[in-house]
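Dear colleague,

I am handing over the structure we spoke about, and my notes on it follow. Please read them with the coordinates open beside you.

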Amino acid sequence: MQHVVITSAKRISNSTNGNPRLELVLATDDGPLKLKTPSDAGWIYALPCASDLTEMEAFAEWHRTPTGRYVLDSLEV
């Protein structure tokens with residue numbers, strides 16, 4: 001897990017099953033990183049609302065898809 005600061009957080013459209021999704025911008029050691037939460041990830045329900053996440057310090061894990069997008073695997077605030 002990498003220590004990050006959440007510089008931006010917003011709700012985006014729900015998954016096809018109706019579960020919430022977020023788009024985040026993280027300040028990392030390598031610069032800003034824009035990523036989205038995966039569809040139907042249950043751990044998102046444990047997070048504060050998106051407006052409360054901005055400027056929070058957190059620990060995050062993510063991966064890059066073959067098409068070059070970044071997906072958040074876990075976030076501990």
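A nonpolar core, as the term is used here, is a set of buried Ala, Val, Leu, Ile, Met, Phe, Trp, Tyr and Cys residues that are joined through side-chain atoms within 4.5 Å. Please keep in mind throughout that this is a predicted model.

In the largest such core there are 17 residues, and those with the most contacts inside it are I6, L24, L26, L72 and L75. At least two residues of this core come from each of β1 (2-12), β2 (21-28), β3, α1, β4 (57-64) and β5 (70-76). As a general matter, nonpolar side chains in soluble globular proteins tend to be buried together. Setting aside residues up to four places away in sequence, I6 touches L24, V25, L26, L53, T54, E55, M56, A58, L75 and V77.

Turning to the strands, β2 and β3 run antiparallel and are joined by 6 bridges, and they form a hairpin with 2 residues between them. Within this pairing, T28 has G31 in β3 as its bridge partner.

The other position I looked at is S39, which is found in the loop between β3 (31-36) and α1 (50-53). From S39 to H63 the separation is 24 residues in sequence and 14 Å in space, taken from C-alpha to C-alpha.

With best regards

Terms used:
Residues are numbered from 1 along each chain as its sequence is written. This is a predicted model: local features need pLDDT of at least 70, side-chain atom pairs count only at pLDDT 80 or more; totals for chains, interfaces and linings use all residues. Side-chain values use heavy atoms; hydrogens and water are left out. Helices (H or I, at least four residues) and strands (E, at least two) are DSSP runs, numbered from the N terminus. Buried means under 20% relative accessible area, exposed over 50%, partly exposed in between (1.4 Å probe, protein chains only). Contact means heavy atoms within 4.5 Å. Two strands pair if DSSP finds at least two bridges between them.
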